[in-house]
Amino acid sequence: MTEPYAVPVPKGYRVGGWEVREPIATGAFGSVYAGRRTGEGEPRTAALKFLPTGTGTPRQLAHLRELVEREVELHRRLKQPRLIRMYETLVVDDPGRPELDGATVLVLERAEGALNAVRPPEPGPLLAQICEGLAQLHRAGWVHGDLKPANVLLMADGSARLADFNMAAELEGTHAYTPAFSTPDYTPPELLWAEIGERGRRIRPSADVWAFGVLAHLLLTGAFPLPGGTPSARRDAAAAYARGTDELRLSAELPEAWREIVRECLARTHEERIGTEALLRRVEGAAGTGRSPRLPRRLLPRRRSRRTTVVAAVTSVVAVAALGYGVNTWAGSGGSGASGGSAGSSGAGGESTSATYGAAELRTGKGVPVVYRRLIVDSAHDCRQAEVTPALLAAMLKAESDFDPDLSDPAKNEYGIARWTPSVLRWWIRADGVPAEETPVPPITPSQSIPAMSRYLCSIEPRLKSSLPGDRRVLLAASYRTSYKKVNDAGGVPPNQRAYAARVAHWLKEYTPPGKK
């Protein structure tokens, strides 16, 4: 341990069903340690955040327990959670250790590191995941209030999760109320000198949108969007920009696809800023694939414990330190003897290249564009129906559009790589299963089309009669072109869909690896 921990806890100390292992991080709001479950149950590992004694009243701790129960429902609706999950809260009961007795312990999903410790070579996909997390939070009626790289955690698989909800607050209509503290570089101009009332400072979701714009500019260019060598100088520049006495001058290194996105996030007033849902669509489009390439494992901090992928859900700010790690200093595991590599990794350093991603389920060298491989494989994995495979999605995309992301067929009202009719896509475009508020407007991006195709197939598979003859995957493809009712009524592929079904069957055979059905 390289610095004093706010809450020192000896290795091997037990609280609830957990045993404290190596230190992970510390900060003003508490200290985080690796935790190992002592009995049966999942997850086997977690992060244990110890808050100083006296940080939670009985009412506040009861509120935290209620939030854990409320998280379950949200978690069920999130197929691809982007928020660090809190599993439970504990209170240390140990009079023999007065420095720990009464301390609150938050049992949190464990991460590998934080975004402020790395510079991702391809920031776009991570930005799409961060934006997805904001969208999940805002849909649930919360504002994060302190989005910045230190509060974006990187998981074992390289994906991103939002964390540290110290400033998070539940919306009451259009506003929420948070403490006066914030990080100036990520605070919109209207909040830098906002009036602080008895309940704190009024904040809107647009504050998170501004912070996302700053974060995106920083990851994509290595520089803040507002000029100045210090936070105070950049704060003054933000004030001048808000007054209209200075213009926003984005870095020339900012990729063109992101320039307008960042500009719309950093609009002078909250009314002018882009909404979260529209922002998510734009970001996924700029990233190319909504949930595509994750951060290479070689850029993640190494640690010794076995990695477990778990789910996330929304949490709240209660007491002085709330949910999320809430710390900026990561304690490295040290040494080079890391063990327990991730199953399924391949190649030097355990990395899988995009060209071979998912090779066990989707053949390489058969014409599936590399840029879509990860999105196809990940989208298929989002469905737990065995028939919805990466090879099926690829075969259908080949038959539908020959992988043309810009397909436009106004006569049939079909667009994009998966030939979606916008009014139908509206029901499947969102990962949480809730229809989009507005009908999507072409162009329809692959990051919208391909996951929606998987969701639709996943929903109709149980509705196909089990007695139908033929390859069930081909029957699913025919249902996609018509409906499962027409396939059921026809007792198989309808006559007018047999040519299409034959094309899918051909490419399904081409794309399925040897030994796979």
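Colleague: Where does Pro-443 lie?

Modeller: In this predicted model, Pro-443 lies in the loop between α10 (422-425) and α11 (446-460), where helices are DSSP runs of H or I with at least four residues, strands are DSSP runs of E with at least two, and both are numbered from the N terminus.

Colleague: OK, and is the peptide bond that joins Pro-442 and Pro-443 cis or trans?

Modeller: The bond that joins Pro-442 and Pro-443 is cis, and its omega is about 5°.

Colleague: What about the bond from Glu-42 to Pro-43, cis or trans?

Modeller: The peptide bond from Glu-42 to Pro-43 is cis, with omega near -5°, and Pro-43 lies in the loop between β3 (30-37) and β4 (45-51).

Colleague: Switching topic, what is the phi of Asp-402?

Modeller: Asp-402 has a phi near 60°, which is a positive value in a residue other than glycine, and the place of Asp-402 is in the loop between α9 (390-401) and β15 (408-409).

Colleague: How does Asp-402 count in terms of accessibility?

Modeller: Asp-402 counts as partly exposed because its relative accessibility is 48%; buried means under 20% relative accessible area, exposed means over 50%, and partly exposed is in between, using a 1.4 Å probe and protein chains only.

Colleague: And where is Asn-413 found?

Modeller: Asn-413 is found in the loop between β15 and β16 (414-415), its phi is near 60°, a positive value in a residue other than glycine, and with a relative accessible area of 34% Asn-413 is partly exposed.

Colleague: Anything to know about the numbering and the cut-offs?

Modeller: Residues are numbered from 1 along each chain as its sequence is written, and side-chain values use heavy atoms, with hydrogens and water left out. Because the model is predicted, local features need pLDDT of at least 70 and side-chain atom pairs count only at pLDDT 80 or more, while totals for chains, interfaces and linings use all residues.
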